[in-house]
Amino acid sequence: MTDQRSQAEIVRQSLKRRYRKERRFRAYGIMAIAIALGALLILFTDIIGKGYTGFVKTTITMDVQLDGEMMYLDDPTDERQIKMADFVEPLVQALIKEIPGATEDDRKQVRELINPYASVTLRDALKANPEWLGTTQTMTFLTHTDVDVYVKHAGDDAYSIKLNDQQKTWVDELLERDVIETSFNDVFFSGGDSRDPSKAGILGAIVGSLLTMFVTLILSFPIGVAAAIYLEEFAPQNKFTDFIEVNINNLAAVPSIIFGLLGLAVFINLFGMPRSVPVVGGLVLTLMTLPTIIISSRAAIKSVPPSIREAAEGIGASKMQVVLHHVLPLAMPGMLTGSIIGMAQALGETAPLLLIGMVAFIVDVPDGFFDSATVLPVQVFLWAGSPELAFIERASAAIMVLLAFLISMNALAIWMRKRLERRW
Amino acid sequence: MQPANLLLLTLVLAIVAYWLGYARSRSLAMPLGGIRHLKSLPFYYGARAALWSGIPALIVLGLWAAFQGKVIQMIVIGGLPEGIIPATDGEASLLLSKISNVASGALPPGFVEAPIAEAAERLQALRTQSRFLMSGLVISVAVLAGFLGWLRIRPRLNARSQVESILKWVFFACAALAILTTVGIIFSVAFETFRFFGKVPFTEFIFGSHWSPQTALRADQVASQGAFGMIPLFTGTLLISAIAMVVAVPVGLLSAIYLSEYAGRKVRGVVKPLLEMLAGIPTVVYGFFAALTVAPFISDLAASMGIEASSQSALAAGAVMGIMIIPFVSSLSDDVINAVPQAMRDGSLALGATQSETMKKVIFPAALPGIMGGILLAVSRAIGETMIVVMAAGLAANLTANPLETVTTVTVQIVTLLTGDQEFDSAKTLAAFALGAMLFLATLLLNVIALKIVRKYREQYD
């Protein structure tokens with residue numbers, strides 16, 4: 001008896017320590033989750049904090065006197081004249097008029113406030129409206145990137161302000177009089193890449209991504225579903241089938257950059273396909289996403305209960321009819337869900353595309369599958385490597401757009417899984 | 001005609017064949033007294049005609065489109081006069097790009113030698129011819145085969161079983177594409193790797209401790225004789241992966257344990273999708289975060305403590321990579337922990353063990369092989385990860401174990417060697433393929449071992 005009691009005593013005495021250990025262990029778990037979620041939070045706030053100003057553009061609105069003599073132009077419909085004409089001078093003159101105290105001697109400093117592409121905007125406007133020559137028009141132009149940076153980040157130490165004190169007071173004054181304004185950055189969504197951050201946009205990259213994704217989708221979805229059907233429904237139990245399965249499982253874990261090497265060696269060097277085009281990008285991403293789609297499609301086929309198959313066979317359907325008429329429609333939501341997740345993965349992929357040359361600097365929005373293009377994640381990579389902080393801001397904004405695409409794709413997949421997938 | 005348009009035309013022809021086959025089977029059935037006298041439904045006769053017309057045409061189209069570029073190049077190069085036939089592959093590719101520039105109008109023909117201008121004309125002519133021939137061939141194959149298929153429609157023909165067996169073969173071909181991809185990877189990488197070892201000895205590559213792939217541009221250049229020793233890359237990769245694992249394994253494992261053993265349904269329902277979100281973020285975003293936020297933070301922090309840290313430290317890249325891998329480790333270990341039979345848990349709790357004791361002394365040892373498998377998969381993921389290290393780790397191949405210094409990795413070097421201008425047969429470019437081969441082998445090995453462990457473990461408790 002004494003022995004037992006003393007044992008109970010020992011246990012009781014150790015209880016406190018053991019419960020403390022229990023609490024500590026639980027705290028470790030909570031801490032781990034807090035670290036992971038904290039990292040997620042920091043990542044998001046960092047990117048949003050860096051990039052939300054990328055959605056804002058700075059413009060300058062002024063009355064431009066389109067004086068033919070000043071521009072060396074008397075016929076705006078003449079291609080040759082329009083090429084030779086001076087479109088910077090009217091802008092400089094208009095701005096000097098807007099700035100009280102600025103004189104002809106300050107023209108260099110004044111000129112540095114206007115975007116280098118503003119003269120192109122003016123030329124195109126005049127080309128479209130030749131009757132404007134000799135009149136005065138109120139027009140809006142982008143400011144120089146340095147002004148843009150100053151307006152948005154005046155107090156921020158991370159940004160180096162390139163304006164001098166004179167220019168700063170001018171800009172402050174113009175801001176107060178609403179000559180310089182900030183507004184939603186539509187240029188960012190309607191242009192291609194550019195050397196000038198104010199002019200740089202992601203439309204080219206988005207179109208490139210869409211073209212690449214289209215190629216990936218129309219290839220990987222049918223092929224993936226067909227392969228899954230074969231492996232689940234028709235494949236005989238033999239070594240060759242096992243070999244196919246081993247291959248698929250391994251390909252799912254091969255680093256994506258290896259697929260880039262494959263694309264470079266096979267599609268570009270062996271088949272002589274052009275570099276940096278959406279078709280080659282789509283082919284490489286197809287090979288990369290196929291294992292994911294096959295694996296999820298197989299799971300979807302597996303989840304269709306055997307009673308469906310037996311019922312169809314019982315009324316005389318052939319094996320192929322059972323699969324195509326009954327199993328496939330029932331498994332389709334699951335397959336679509338898996339494919340959307342696979343496509344989201346492909347949309348965010350960068351490394352293999354670097355190797356097949358989709359890193360080129362491309363200004364134009366691509367207009368076909370065989371046109372040089374870049375994609376959204378590569379555009380982020382290109383801008384992130386720039387020493388100019390204004391480009392970093394654009395890169396963050398582009399990341400936000402990319403994440404918005406990815407999150408909505410994943411949300412769609414989750415919604416579809418909840419709505420369409422049947423539990424048996 | 002462009003291949004894309006031709007593809008569309010082939011599909012249209014297949015649809016036409018479908019309707020013709022469908023109509024013929026119905027008209028054949030009419031005098032017999034309705035379609036119940038046909039062996040198969042009219043749909044299958046139509047589908048059979050469409051497959052007859054479409055499949056051979058698509059095969060011809062695919063093969064032609066894949067190989068026409070190469071064949072035309074060979075003809076153009078072969079047709080050059082004696083004096084300027086290129087001696088090496090590098091010269092050949094230079095010459096070809098010159099010729100195609102002239103042909104596309106980017107370079108005026110007056111700027112180049114006469115034979116090259118002629119070659120450009122020939123290239124242009126061959127391209128037109130090839131396009132013409134391809135269109136003609138594909139269309140005639142589609143029409144002819146479709147017509148043959150159409151002719152052979154008989155009421156006694158078992159169209160359904162024919163269509164089904166063709167479809168089955170198509171499905172098989174899709175599944176076998178996985179094998180083809182693997183073979184493609186192995187061949188493309190192996191071929192260039194062997195060429196590389198023809199230029200740089202295998203032992204130097206494996207055991208050399210100096211990496212600087214800048215080879216001489218001209219033969220008489222003194223400065224750089226490239227060095228291709230992969231040890232610094234190898235250790236750099238290992239260092240960064242090790243840092244990533246130090247972050248990912250404890251955090252991933254502990255959060256998996258907490259979520260599966262302690263957390264209520266509601267908490268799990270919120271936290272799990274959030275953790276999975278970490279896995280869904282593109283690697284380029286992590287790279288951006290590592291290069292522009294974490295790396296400066298670490299070097300500032302180190303500077304404030306009086307330690308010198310590089311602005312492209314291994315620590316920044318490794319830590320961010322670890323964050324990326326957390327959900328990978330946590331979901332794999334979650335599966336494994338949940339696979340441990342409930343009876344073991346109940347037994348341990350019934351003996352009076354606390355939950356943490358049960359976890360540490362019963363479930364964890366039982367799940368250990370599976371967790372090890374998961375960790376190996378995570379390591380292979382870390383080794384092959386590219387964007388984070390390309391953006392946040394440096395290019396300097398240092399042989400160091402100090403996480404605050406700059407190191408470079410295998411994937412960084414592959415990307416650096418293969419982006420930008422390249423000559424295809426220089427040791428520099430080929431080295432990228434050799435590195436790719438090493439990377440492929442290493443990850444393959446890790447995956448095979450890991451999958452074997454995980455499978456064995458699963459069988460144990462099934």
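Modeller: As a convention for axis angles, under 35 degrees is roughly parallel, over 145 roughly antiparallel, 65 to 115 roughly perpendicular, and the rest oblique. This is a predicted model, in which local features need pLDDT of at least 70 and side-chain atom pairs pLDDT 80 or more, while totals for chains, interfaces and linings use all residues. Residues are numbered from 1 along each chain as written, and chains are lettered from A and ligands numbered from 1 in the order written.

Colleague: How do H7 and H12 of chain B cross, then?

Modeller: H7(B), residues 231–262, and H12(B), residues 355–384, cross at roughly 140 degrees, with axes coming within 10 Å. Axes are lines fitted to C-alpha atoms over the stretch in contact, with angles from 0 to 180 degrees between N-to-C directions. The two helices are therefore oblique to each other.

Colleague: Which residues meet there?

Modeller: Those in H7(B) include Thr237(B), Met245(B), Leu253(B) and Glu261(B), and those in H12(B) include Gln355(B), Met359(B) and Ile375(B); contact requires backbone-placed C-beta atoms within 7 Å. The contact residues comprise 13 nonpolar, three polar and one charged.

Colleague: Turning to chain A, what domains does it have?

Modeller: The automatic or database assignment gives domain 1 (2–52), domain 2 (56–199) and domain 3 (203–420). The C-alpha centres of domain 1 and domain 2 of chain A are 60 Å apart.

Colleague: Where does UniProt put transmembrane regions in chain A?

Modeller: The unreviewed UniProt entry lists several, among them residues 251–273 and 322–344; such annotations may be inferred.

Colleague: How much helix is in 322–344 of chain A?

Modeller: That span is 100% helix and 0% strand, with end C-alpha atoms 31 Å apart; helices are DSSP runs (H or I, at least four residues) and strands are E runs of at least two.

Key: Contact = placed C-beta atoms within 7 Å. Nonpolar A, V, L, I, M, F, W, Y, C, P; charged D, E, K, R; others polar.
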